[in-house]
Amino acid sequence: MVKQLYINGEWRNAQSGHTFDVINPADESVIATVAAAQPEDVSAAVAAARQAFDEGPWPQLSGAERAHYLRGIANVIRQRLPEIARLEVADNGKPLPEAEWDIEDTAGTFDFYADLAEAMDQAEEEVVELPDDRFTSRVEKEPVGVVGAIIPWNFPMLMASWKVAPALAAGCTVVLKPSEVTPLTALILAEIADEVQLPAGVLNVITGTGPEAGAPLSDHPDVDKLAFTGSVATGSAVMQAAAKNIKAVSLELGGKSPFIIFDDASVDAAVEWILFGIFWNQGEVCSATSRVLVHENLYERLLARLLEETAKITIGPGLEPGVLLGPLVNRTQYEKVLAAIGRGVEEGATLLCGGKRPAAFAKGYYLEPTIFADVDESSWIWKEEIFGPVVCIKSFFDEAEAVRLANDSRFGLAAAVMSNDKARCQRVSRRLRAGIVWVNCSQPTFTQAPWGGFKQSGIGRELGRWGLESYREVKQITEYVSDEPWGWYLKP
Ligand code: NAD
């Protein structure tokens, strides 16, 4: 049975009848057939969101009323967690414990923004001090309007929640387009919205490809804001589309995040966080610390220990117990990562381990965890995002060189530093040009803290209160309160 689009509170086929298949990356089987939205379906979804915003109750509800729906969504996600997590594994390939973590986090994101929605009702009126006492002025915040949310395939349901939860909390209505590679849990989110009786048109989910559904959504004149997570190239296309009719736009893009390890760091701790920083979620993580800089005094010892631990990583289908590295998400990504590895070898980096399909698997997009050492700073693999389980390692001789190498990138999403010297960690954190800096760890992400990048890693911040603000417009309301006539044209 074809999985349908969710538009205006109804399940519909694409008007053209077009569909596409969803593939399980662990065994390459077809697990679902999904409606392929075309521009006319996108228009229908935007019209529904527009009407729900302009004429429906949603933006006028109190924060507490909206919070009630968000909590309802969080509760149903938790009730269905085992089923949703397994579906995420089948769709994306990630190991089950990671999927369970993601889905719990997804529920937590809806709860977090429910709290912020409630707090909006209590917020004190913001008065603007004016230099002229004939006027008073205050600031109000209003929902930005209809949001077009376009997301990638690496954390399918979690990425949906990072946009949908704050947008709904703010009073916006949403058209969500999941990645065509992993559309299934976004459809579950639509089912849940339906179950908690979210008013029709407040959340619409359209599955489809980038060119057929994503581009028309970015181009649509009735969308007020585009919230995009994905690659730099697509982010640039989305921003250009937004420029045509001056839509608000927030972009969460790629990265090539550095991890600096000083020679006073514990080797075991460094190895643990290097592994977590690049092999968790198969390295398909925008903030993955894929460039590791190790002080030359520690370099050989650390590499030896890293190799020893990497060899112990269990590779396999995400549903198998004990698996720490699942298959990559699809054939395209698999071939891209293999090509990047080939390029690294050609460029003369030392391939310490991995780089190929594990012998145990004839099918599925499995790849051994891959470590390149002695990587040249001018090489392609050092500079470009690979988005797979591939780490590039290089030595450095002092703090200034480490910071220079870390910042020498067009990206600036995340960075990490490890040392026992607190003052040094603080100094280096300040100098790293990135939106997220981890000290003595890599990757832990909290809904409460701002998320987003400097440079080509994006524009704007998600999560925390910053995530909510990006779905709100600031309005000044200025009143003339003097009894005296203004007297410019009509002279007293
Ligand atoms: P992608 O850019 O190929 O696709 C992202 C989304 O954009 C998909 O839904 C796709 O269908 C859609 N799309 C494609 N072409 C479009 C177009 N012309 N107009 C509008 N939408 C279009 O990215 P991906 O391969 O799905 O994801 C991997 C990338 O995402 C990596 O570069 C990664 O770093 C980045 N990412 C960033 C973050 C972050 O928070 N910064 C998080 C996850 C992933």
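Tutor: Let's start with the rule for rings: those of Phe, Tyr and Trp (its six-membered ring) pair if their centres lie within 6.5 Å, and planes under 30 degrees apart count as stacked, over 60 as edge-to-face and the rest as tilted. Ring pairs of this kind join Trp101, Phe155, Trp273, Phe276 and Trp280 into a cluster.

A word on the model: it is predicted, so local features need pLDDT of at least 70 and side-chain atom pairs count only at pLDDT 80 or more, while totals for chains, interfaces and linings use all residues. Residues are numbered from 1 along each chain as its sequence is written, and side-chain values use heavy atoms, with hydrogens and water left out.

By the ring rule, the count comes to 16 aromatic pairs. In one of them, the ring centres of Trp153 and Phe387 are 5.3 Å apart with planes at 75 degrees, so this pair is edge-to-face. Where do the two partners sit? Trp153 is in the loop between strand 8 (146-150) and helix 5 (156-170), and Phe387 is in the loop between helix 12 (380-383) and strand 17 (390-396), so the pair ties together parts 234 residues apart in sequence. Helices (H or I, at least four residues) and strands (E, at least two) are DSSP runs, numbered from the N terminus. Trp153 counts as buried because its relative accessibility is 14%, and Phe387 is buried too, at 18%. Here buried means under 20% relative accessible area, exposed over 50%, and partly exposed in between (1.4 Å probe, protein chains only).

Now compare another pair: the rings of Trp438 and Trp451 have centres 6.2 Å apart and planes at 55 degrees, so they are tilted. Trp438 lies in strand 20 (residues 436-439) and Trp451 in the loop between strand 20 and strand 21 (454-455), so this pair ties together parts 13 residues apart in sequence. Both Trp438 and Trp451 are buried.

A charge sits over a ring if NZ of Lys or CZ of Arg is within 6 Å of the ring centre and within 35 degrees of the ring normal. Lys225 lies over the face of Tyr471, at 4.8 Å from the ring centre, and Arg424 lies over the face of Phe262, at 4.1 Å.

On to the salt bridges. Side chains of opposite charge can pair when their charged atoms come close. A salt bridge is a side-chain nitrogen of Lys or Arg within 4 Å of a carboxyl oxygen of Asp or Glu, and the whole structure has 30 of them. One joins Glu462 to Lys163, with the closest N and O atoms 2.8 Å apart. This pair links distant parts of the chain: Glu462 is in the loop between strand 22 (458-459) and helix 15 (464-469), while Lys163 is in helix 5, 299 residues apart. Glu462 is buried, with a relative accessible area of 5%, and Lys163 counts as buried at 2%.

Another salt bridge joins Arg305 and Glu308 (3.5 Å, N to O). Both residues lie in helix 10 (residues 299-310), three residues apart, about one turn of the helix. Arg305 is partly exposed, at 23% relative accessibility, and so is Glu308, at 44%. They also belong to a network of salt bridges that links Asp268, Arg305, Glu308, Glu309 and Lys312.
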